Amino acid sequence: MSVLQDLLEALRSRRVEVVDLTAPLHPGTPILRLPEPFANTIPLRLEEISRYDDRGPAWYWNDIHTGEHTGTHFDAPVHWVTGRDGEDISQVPADRLVAPAVVLDFAAESAKDPDFLLEISHVRAWEAEHGPLPDGGWLLYRTGWDARSEDAAQFLGVDSSGHDENGPHTPGISVECARWLAEQTPVLGVGVETVGTDAGGAHSFDPPFPCHSFLLGAGKYGLTQLQNLSRLPTTGAVVIAGPLPIVGGSGSPTRVLALVES
Ligand code: MN
């Protein structure tokens, strides 16, 4: 039997399960909020064209208004100034959109400390137990933040006024670890449950937003606002990420699926 026939049979018999890692996309889906003086993106908005009415008696359709970085989305290298000469979202090779993934679970640490940062030592300890990070695969960083994804203030780690003096509080990755993941490990990119790959406090790091700076600068990728990482095995999942090939785009809302052996 062919490999693809084997896969279809495994899907039919549920020996392989499809896990949806994508947050539902609606006008209330939390989006990044940058402080003054920076420009911000918009939430998703549907603009009805017709709905079985005079404007189109047998059909319903909408125009969509959204940012490239709204909801579960894919960061292309060109998103950051360090990657400005790199791929835009349409140039990410299709064969890199199907890739192995491992899950590093720091939900307990993040629950205790919303400013928790992943360090090189954490990843080294994980590798000692589970093996090397996947060559050309995703490091999926579980923080438990997906449970907050329908409450914008909790999800974004801000108080009701929007920001406190120290900025938002969400977990992330240290400067040293971000540089190491970008430059010294074979990963394709980093996937997170938070609104962006960087910590809420990363505006004050040196350099600011190190995940964006180092990973995108190294031609690697980011996946954000993932859900259901708790349903994935520590190793062995295959992730299928489908950003829209927006020509010249810096990213795209993305359906992210994982294939998991049961
Ligand atoms: Mn982004």
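This is a predicted model: local features need pLDDT of at least 70, side-chain atom pairs count only at pLDDT 80 or more; totals for chains, interfaces and linings use all residues.
Visitor: Which protein residues are the donors of the manganese ion?
Guide: Donors are N, O and S atoms within 2.8 Å of the metal (3.2 Å for Na, K and Ca), and sites may look incomplete, as water is not among the atoms. The protein donors here lie 2.1 to 2.3 Å from the manganese ion. They are His69 through ND1, His73 through NE2 and Asp75 through OD.

Visitor: What spacing do the donors of the manganese ion follow along the chain?
Guide: The donors include His69, His73 and Asp75. Along the chain, their spacing is H-x3-H-x1-D.

Visitor: Is histidine 73 buried or exposed?
Guide: Buried means under 20% relative accessible area, exposed over 50%, and partly exposed in between (1.4 Å probe, protein chains only). Histidine 69 has 16% relative accessibility and so counts as buried. Histidine 73 has a relative accessible area of 3%, and it is therefore buried.

Visitor: How many aromatic pairs does the count come to?
Guide: A pair of aromatic rings is described by the distance of the centres and the angle of the planes. Rings of Phe, Tyr and Trp (its six-membered ring) pair if their centres lie within 6.5 Å; planes under 30 degrees apart count as stacked, over 60 as edge-to-face and the rest as tilted. By this rule, the number of aromatic pairs is seven.

Visitor: What kind of aromatic pair do tyrosine 52 and tyrosine 60 form?
Guide: The ring centres of tyrosine 52 and tyrosine 60 are 6.1 Å apart. Their planes make an angle of 55°, and the pair is classed as tilted.

Visitor: How many residues apart in sequence are the parts tied together by phenylalanine 106 and tyrosine 141?
Guide: Phenylalanine 106 and tyrosine 141 form an edge-to-face pair, 6.4 Å centre to centre with 65° between the planes. Helices (H or I, at least four residues) and strands (E, at least two) are DSSP runs, numbered from the N terminus. Phenylalanine 106 lies in the loop between β5 (98–105) and α2 (107–112), and tyrosine 141 lies in strand β7 (residues 138–142), so the parts tied together are separated in sequence by 35 residues.

Visitor: Over the ring of which residue does the charged end of arginine 51 sit?
Guide: A charge sits over a ring if NZ of Lys or CZ of Arg is within 6 Å of the ring centre and within 35 degrees of the ring normal. The charged end of arginine 51 is 4.0 Å from the centre of the ring in question, that of tyrosine 60.

Visitor: How many salt bridges does the structure hold?
Guide: Side chains of opposite charge can pair when their charged atoms come close. A salt bridge is a side-chain nitrogen of Lys or Arg within 4 Å of a carboxyl oxygen of Asp or Glu. One network of salt bridges links Glu48, Arg51, Asp53 and Arg55. The number of salt bridges in the structure is ten.

Visitor: Which strands hold aspartate 20 and arginine 255?
Guide: Aspartate 20 forms a salt bridge with arginine 255, and the closest N and O atoms are 2.6 Å apart. The pair ties together parts that are 235 residues apart in sequence, because aspartate 20 lies in strand β1 (residues 16–20) and arginine 255 in strand β12 (residues 251–261).

Visitor: Is glutamate 193 buried or exposed?
Guide: Glutamate 193 forms a salt bridge with arginine 142, with the closest N and O atoms 3.0 Å apart. Arginine 142 has a relative accessible area of 14% and is buried. Glutamate 193, at 1% relative accessibility, also counts as buried.

Visitor: Which residues of helix α3 are buried?
Guide: On the other side of α3, Ser121, Ala128 and Glu129 are exposed. Helix α3 (residues 120–130) has as its buried residues Val123, Trp126 and Glu127.

Visitor: Against which elements do the buried residues of α3 pack?
Guide: Contact means heavy atoms within 4.5 Å. The buried residues of α3 pack against β5, β6 (117–118) and α5 (175–184).

Notes
Residues are numbered from 1 along each chain as its sequence is written. Side-chain values use heavy atoms; hydrogens and water are left out.
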